[in-house]
Protein chains: 2
Amino acid sequence: MTSSETTDSPIERAGKRERLVASAGDLMHRLGVPATTLAQVAEAADVPVGNVYYYFKTKDDLIRAVIDDRAAGVRGMLAAFEQRRSPATRLKALVRHWSDMREVVARNGCPIGTLCTELGRREDGLEAESVVLFRLIVDWAEAQFRLLGRRDGHDQAVTLLAGVQGAAQLSHAFGDPDLMATQARALERWIDAMSAG
Amino acid sequence: MTSSETTDSPIERAGKRERLVASAGDLMHRLGVPATTLAQVAEAADVPVGNVYYYFKTKDDLIRAVIDDRAAGVRGMLAAFEQRRSPATRLKALVRHWSDMREVVARNGCPIGTLCTELGRREDGLEAESVVLFRLIVDWAEAQFRLLGRRDGHDQAVTLLAGVQGAAQLSHAFGDPDLMATQARALERWIDAMSAG
DNA sequence: GTCTATAAGATGATAGAC
DNA sequence: GTCTATCATCTTATAGAC
């Protein structure tokens, strides 16, 4: 701990790598993966342009790091939801997450959905890595629906995420945050009706 | 008619323009808009590479032509649905359209949804042009829901399209055509329940 | 009116200096 | 171990030949 603080080299390196991943994630969310250039990422992270290749062998490597970073975020989010008492409350907390970030969704789309859509087209293996983001959420939601006594938990989980992602897509296309909020509320009512019936 | 068939020049020109739009639409659907190059479009349409600029001043112009072409397709589709007797049957025909093309959706995503998502990010005016595709569908669905006696027709229409688009997105990400079909069936049941109640 | 040859610029990636 | 200078390639776009 103390030794690593005296030598700034490892700290700087870790800092730069993190900054590169953060910048890349932000730019790819706002501009899209193909439209984001390494030059932009480097400048936003305040790292020399060609030096990106010291930290990532290729652009795909950087994309992979962004996926991993986002997957860690999703895992953390779902773990936080586990604190809630009932499955229905947990599912509604999931939906509310998109409602809370409606401004970002309306401006740049869902950070997870747009990434999966863009990478889903590729045929170099990266498409399989990105889909883990959706799978994490579907699997978690399926477990919650099963706790609610639903045998068709998987289909319900897919319906929920499809509703969220579709609303995010329309909210983004129309540039309308309220659309995201309204649809999220409808989904929460759907969850309530399901846990009641 | 007969005069235009003797001189092949106008026919060829019209044919090439159409071929360029068709090729561009197909490639942008499969590879994405930014990843599609004019060289690919020209080759697929069997037109000399640099000659694309005779038909379209810029790449954005070609994109606009693709949007217009797709909008015409949507209008034609909705007009065909108007033949059905009841509003509920029309809405279910709309949903079934995505179910019928589930193989394409699973492989390359919804041709409309992916286009709107990719162009929705831009800030050069093209984002506003692409959203017309969604608006056509939402407006039409809203009218059908109102015929069903729903005061909240707009929100219902948004919910329907969001469900369809979300399902298409997940079907694409997971590469699973059945997911699209299953979710479409659920939406059809939802329409039935609505028109009954 | 139609197309070829090429320019101008940007992008991902590398070789090698420090 | 870190970064600079540069390459090879590709992409949009244009000037001008046919």
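This is a predicted model: local features need pLDDT of at least 70, side-chain atom pairs count only at pLDDT 80 or more; totals for chains, interfaces and linings use all residues.
Before you start: residues count from 1 along each chain as its sequence is written, and chains are lettered from A in the order in which they are written. Local features need pLDDT of at least 70, side-chain atom pairs count only at pLDDT 80 or more, totals for chains, interfaces and linings use all residues, and side-chain values use heavy atoms, with hydrogens and water left out.

**Exercise 1.** Work out whether A:Glu188 is buried or exposed.

*Solution.* Start with its place: A:Glu188 is in helix H12, residues 177-196 of chain A (a helix is a DSSP run of H or I, at least four residues, numbered from the N terminus). Next, take the relative accessibility of A:Glu188, which is 12%, so this residue counts as buried (under 20% relative accessible area, with a 1.4 Å probe and protein chains only). Finally, look at who touches A:Glu188: leaving out residues up to four places away in sequence, you'll find A:Lys92, A:Val95 and A:Arg96 (contact means heavy atoms within 4.5 Å).

**Exercise 2.** Find out how chains A and B are related.

*Solution.* Rotate chain B by 180 degrees with 0.0 Å of shift along the axis, and chain B lands on chain A with RMSD 0.0 Å (least squares on C-alpha atoms of residues with pLDDT of at least 70 in both). The two copies are therefore related as by a two-fold rotation axis. Within chain B, the C-alpha of B:Gly166 comes closest to that axis, at 1.9 Å.

**Exercise 3.** Locate the two domains of chain A.

*Solution.* Domain 1 covers 1-57 and domain 2 covers 66-196, with bounds from an automatic or database domain assignment. Their centres, taken over C-alpha atoms, are 28 Å apart.

Key:
Helices (H or I, at least four residues) and strands (E, at least two) are DSSP runs, numbered from the N terminus. Buried means under 20% relative accessible area, exposed over 50%, partly exposed in between (1.4 Å probe, protein chains only).
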